[in-house]
Amino acid sequence: MVLPLLSDLVAARSPSREEGPAADLIEAWLQGKGDVRRSDRNVAMIRSAGPGPVLMLCSHHDTVPATASWTRNPWEPTVEAGRMYGLGANDAKGCLSAMAVACATANIRRDGKEEKLPTLPKIDTAIIGEPTGLEVAVAQNGMLILDCVNRGRAGHAARPHLADNPIPAMARDILAVDALVVDRMHPTAGRTSHAVTVAKAGDRHNVIPDEARWTIDLRTTASYTHAELIALIQGVVKAEVQVRSERFHPVETPLQAAVLGAALRARPQARTFASPTLSDWAHLGAMPAIKWGPGLSEVSHTADEWVELAMVEQAVGAY
């Protein structure tokens, strides 16, 4: 049941903000299997056995765009040597397919009759479907994006002494950030990481620019507040530091959380770890949750993306 659904989902093009066809497919597949709700491109199915804690299985059906590096048709799912190739197969349609089948087939009926709920229930705990190799992420880093500007004075390249070139200042600042040690260790997530990912200045060879712009991507742990990290960066650079985004904070689930215990009973061989990448978990705040799914994170966003089919099938049983 899960592999045909996965194949159909891979064939449904769903780049971010254009997920309509995939949402239509999911909605149609879920019909008759539970209480199905649709809001724009989001689809939910509710199955209730009466009062008790509510578990949400949550994954996404959007994908990154296909790049020119693909050697296959990204939207033609193909199976070779136990792998399904296709855009989104790993991130995260394998997770989504396994969650849909698990939710649709789980034995959670009461007295042979499913309850219809007038509103969406309050969620108590969640499993976020992302490729983790079926290992269990108990923590997830936050994200802080800083835009930095070194300002100078424009001038002709033939008369650099009459200008103030911001590029050397940017270079010195980037080296200072690269050498910065963010040393507080988090017991699960380790150190906050930081990397300069964009640097731009000028657009003509014969003009000294009046500013240089560059960006720092920090993946944060609970060992520092975002305000502390901003202050650390400001302390080592001459540039003006502007906050582009700081809304995604690190999250962590207590080791005694019921959802974690259930996952480890379902898959005793799984290890727990902290995930450096973002997911929908970032929107859940303090709710106990785990990130757990088939596929490998390092395969996400790569050309000729693939997922191991045996792992997708194992995920159905685990969920």
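This report describes how helix α2 packs against helices α1 and α3 in a predicted model.

## Helix α1 against α2

Helix α1 covers residues 2-11. Its axis and that of α2 come within 9 Å. The two axes cross at roughly 155 degrees. Angles over 145 degrees count as roughly antiparallel, so α1 and α2 are roughly antiparallel to each other. Their crossing is right-handed.

Which residues of α1 and α2 make the contact? From α1 come Leu5, Asp8 and Leu9. From α2 come Ala22, Leu25, Ile26 and Trp29. By class, this contact has six nonpolar residues and one charged residue. It has no polar residues.

## Helix α2 against α3

Helix α2 spans residues 20-30, and helix α3 spans residues 89-105. They pack at an angle of about 20 degrees. Their axes lie 11 Å apart. Angles under 35 degrees count as roughly parallel, so α2 and α3 are roughly parallel to each other. The crossing of α2 and α3 is right-handed.

Helix α2 brings Ile26, Trp29 and Leu30 to this contact. Helix α3 brings Leu96, Ala100, Val101 and Ala104. The contact of α2 with α3 has seven nonpolar residues. It has no polar and no charged residues.

## Residues of α2 in both contacts

Ile26 and Trp29 of α2 take part in the contact with α1. Ile26 and Trp29 also take part in the contact with α3.

Definitions and conventions
Residues numbered from 1 in each chain as written. Predicted model: local features only at pLDDT ≥ 70, side-chain atom pairs only at ≥ 80, totals over all residues. Heavy atoms only, no water. Axes fitted to C-alpha atoms, helices over the stretch in contact; angles between N-to-C directions. Helix = DSSP H or I, 4+ residues; strand = E, 2+ residues; numbered from the N terminus. Parallel < 35°, antiparallel > 145°, perpendicular 65-115°, else oblique. Left-handed = near helix turned anticlockwise from the far one by under 90°. Contact = heavy atoms within 4.5 Å. Nonpolar A, V, L, I, M, F, W, Y, C, P; charged D, E, K, R; others polar.
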